[in-house]
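The exercises below are meant to be worked through with the sequence and the model side by side. Please try each task before reading its solution.

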Amino acid sequence: MEAFLISAGLVSIAEIGDKTMLLAIVLAAAWRRPLPIILGILAATLANHAFAAGAGTVLGHFMHGEWVRWVVGIAFLGFAVWALIPDKFDEVPDVTEKTFAGVFWTTTAAFFVIEMGDKTQVATAMLAAQFQNILLVVAGSTLGMMIVNVPAVLLGEAAAKRLPLKWIRMAAAAGFAATGLWVLLAG
């Protein structure tokens, strides 16, 4: 359960204010079709984070002992710094296709692409390298993404304007730093 809970907690905190959360808000405001947007986010996150966790697990198999600890620990300290940098999202989605399938597939494709190389994807890979449990890491990181993005879709832009993103970014940075230090010190 440790892999699941840590993955869910870190990813949910890191996702607040992230560009994918902003994408969820933009899509919700443009289409006002929450179900296909939420299902598209879920599908994209499962695919993206399964890929990331697989890569992280492979990385963990090639790097043994102290190397894994140092790479993962330093990566999480890097995520702490990265989490302090605000994300910006400037693109507006095409609103011409509003069918359930159109909204679902557009959301799925947009989320999959925008999540590539994102801190939550890289964190998922590092968590998988650390815990060597793809299923629990993907389940936890996907839950973390959904914890943040479902309310973003349902509450839309109004709620996002009221969140103290600066403090949330600082909390995410603290969580990543604590995890990095824990990995480095506790091994």
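**Exercise 1. The chain as a whole**

What does the accessible surface of the protein chain come to, and what percentage of it belongs to carbon and sulfur atoms? Describe also the helices and the burial of the chain.

Before starting, note that this is a predicted model, in which local features need pLDDT of at least 70 and side-chain atom pairs count only at pLDDT 80 or more, while totals for chains, interfaces and linings use all residues. Residues are numbered from 1 along each chain as its sequence is written, and side-chain values use heavy atoms, with hydrogens and water left out.

Step 1. The accessible surface of the protein chain is about 9000 Å², and 73% of it belongs to carbon and sulfur atoms; such areas come from the Shrake-Rupley method with a 1.4 Å probe, and for residues only the protein chains shown count as cover.

Step 2. The protein chain has eight helices and zero strands, where helices (H or I, at least four residues) and strands (E, at least two) are DSSP runs numbered from the N terminus.

Step 3. Of the 187 residues in the protein chain, 47% count as buried; buried means under 20% relative accessible area, exposed means over 50%, and partly exposed lies in between (1.4 Å probe, protein chains only).

Step 4. Among the contacts in the protein chain with a separation of 6 or more, 94% are between residues 24 or more positions apart, a contact being heavy atoms within 4.5 Å.

**Exercise 2. The nonpolar cores**

Step 1. A nonpolar core is a set of buried Ala, Val, Leu, Ile, Met, Phe, Trp, Tyr and Cys residues joined through side-chain atoms within 4.5 Å. In soluble globular proteins, nonpolar side chains tend to be buried together.

Step 2. The largest nonpolar core has 18 residues, of which A24, L27, I37, I41, F111 and V153 touch the most other members.

Step 3. The helices that each supply at least two residues of this core are α2 (19–31), α3 (34–62), α5 (100–115) and α7 (134–162), and α2 gives the most, with seven residues.

Step 4. Not counting residues up to four places away in sequence, A24 touches I41, F111, N149, A152 and V153. Apart from this core lies another, of eight residues, among them A3, L10, L127 and V137.

**Exercise 3. Helix α1 and one of its residues**

How many residues does helix α1 have, and how far does α1 reach from its first C-alpha to its last?

Step 1. Helix α1 (residues 2–15) has 14 residues and reaches 20 Å from its first C-alpha to its last, close to the 20 Å expected at 1.5 Å a residue; the expected span is 1.5 Å times one less than the number of residues.

Step 2. Leaving aside neighbours within four places in sequence, I6 is in contact with L127 and F131.

Step 3. After α1 comes G17, whose phi is positive, near 80°.

**Exercise 4. Helix α6 and M126**

Is M126 buried or exposed, and how many residues of α6 are buried?

Step 1. M126 is found in helix α6 (residues 119–131) and is buried, with a relative accessible area of 10%.

Step 2. Helix α6 is mostly covered, since 11 of its 13 residues are buried.

Step 3. Although M126 and G56 are 70 residues apart in sequence, their C-alpha atoms are 5.6 Å apart in space.

Step 4. Just after α6, Q132 takes a positive phi of about 50°.

**Exercise 5. A polar contact and an aromatic pair**

Which side chain does the side chain of S141 join in a polar contact, and which residues form an aromatic pair?

Step 1. S141 is found in helix α7 and is buried, with a relative accessible area of 0%.

Step 2. The side chains of S141 and H49 are joined by a polar contact of 2.8 Å. A polar contact is a pair of N or O atoms within 3.5 Å; within protein, one must be able to donate a hydrogen and the other to accept it, and residues adjacent in sequence count only if both atoms are side-chain atoms.

Step 3. The structure holds one aromatic pair, formed by F104 and W105, which is edge-to-face at 4.8 Å centre to centre with 80° between the planes. Rings of Phe, Tyr and Trp (its six-membered ring) pair if their centres lie within 6.5 Å, and planes under 30 degrees apart count as stacked, over 60 as edge-to-face and the rest as tilted.

Step 4. F104 is buried, with a relative accessible area of 16%, whereas W105 is exposed, with 56%.
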